[in-house]
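Hi,

Here is the structure I promised you. Have it open while you read, and follow along as we go.

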Amino acid sequence: MGNVHVFDHPLIQHKLTYIRDVSTGTKEFRELVDEVATLMAFEITRHLQLQEVTVETPVGPSKSHALAGKKLGVVPILRAGIGMSDGILKLIPAAKVGHVGMYRDPKTLKPVEYYVKLPSDVEEREFIVVDPMLATGGSAVDAISSLKQRGATNIKLMCLIAAPEGVEEVQKQHPEVDIYLAALDEKLDEKGYIVPGLGDAGDRLFGTK
């Protein structure tokens, strides 16, 4: 069973407070989401393997460590996931970026896939699927399934805020996937929104309604 990791770092929690705040405007909201994604990326990459290398300092040779070259991929779920991908790439700029386009049917609340584009070497990469909100879990479950169908075997899910229902659904459908969160909220409301949540992440990121 994959683990659920809720990051309690003070900077993540502080910035998340302002992300939630209804009075935070689009520009500041976008910047804060970007910053929190970078901080979360710092935590989610803690497991990356290192190899010993030798470099020449101004004083002499030094045995040091560098990443062992494991290939990473970042896959934002369109459209709101885009708001987190740049923040991750600041720390791991060599990662390839894929995209999975999903939207939620307003009547059925079910996700509908409309676009998938992934790096060609899917089998060799460790993927981080990103979406600010894990509500019903439908979009995340389908996005992870899309990656698996194309050969991905090593997948993590990273979200700002989740509802227990969404976490449960991902664990049920993809039990081996680790889930990384800045907050685990109370519940979903009757419209499928996370309570207390932050509203519609896509609308707040891009200034749409």
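A polar atom in the side chain of R204 lies 2.6 Å from the backbone oxygen of D21. That is a polar contact (a pair of N or O atoms within 3.5 Å; within protein, one must be able to donate a hydrogen and the other to accept it, and residues adjacent in sequence count only if both atoms are side-chain atoms). Before you go further: this is a predicted model, where local features need pLDDT of at least 70 and side-chain atom pairs count only at pLDDT 80 or more, while totals for chains, interfaces and linings use all residues. Residues are numbered from 1 along each chain as its sequence is written, and side-chain values use heavy atoms, with hydrogens and water left out.

Back to R204. You'll find R204 in helix 6 (residues 201-206); helices (H or I, at least four residues) and strands (E, at least two) are DSSP runs, numbered from the N terminus. Is R204 buried or exposed? R204 is buried, because its relative accessible area is 12%, and buried means under 20% (exposed is over 50%, partly exposed in between, with a 1.4 Å probe and protein chains only). Leaving aside neighbours within four places in sequence, R204 is in contact with I19, R20, D21, V22, T24, T26, F29 and L198, where contact means heavy atoms within 4.5 Å. R204 also sits 7.9 Å from R30, C-alpha to C-alpha, although 174 residues separate the two along the chain.

The T24 side chain reaches the backbone oxygen of Y18 at 2.6 Å.

The axes of helix 1 and helix 2 come within 9 Å and cross at roughly 155° (axes are lines fitted to C-alpha atoms, for helices over the stretch in contact, and angles run from 0 to 180 degrees between N-to-C directions). That makes helix 1 roughly antiparallel to helix 2; the cut-offs are under 35 degrees for roughly parallel, over 145 for roughly antiparallel, 65 to 115 for roughly perpendicular, and oblique for the rest. From helix 1, L11, I12, K15, L16, Y18 and I19 meet F29, L32, V33, E35, V36, L39 and M40 of helix 2.

Helix 2 also packs against helix 3 (residues 82-89), at an angle of about 50° and with the axes 7 Å apart. These two are therefore oblique to each other. V33, D34, A37, T38 and A41 of helix 2 make the contact with G83, M84, D86, G87 and I88 of helix 3.

Take a look at A37, which is in helix 2. A37 is buried, with a relative accessible area of 0%. Not counting residues up to four places away in sequence, A37 touches M84, G87, I88 and M158.

How many residues of helix 3 are buried? The count is 6 of its 8 residues, so helix 3 is mostly covered. The buried ones are G83, M84, S85, G87, I88 and L89. Among what covers them are helix 2, strand 4 (72-78) and helix 6.

Cheers
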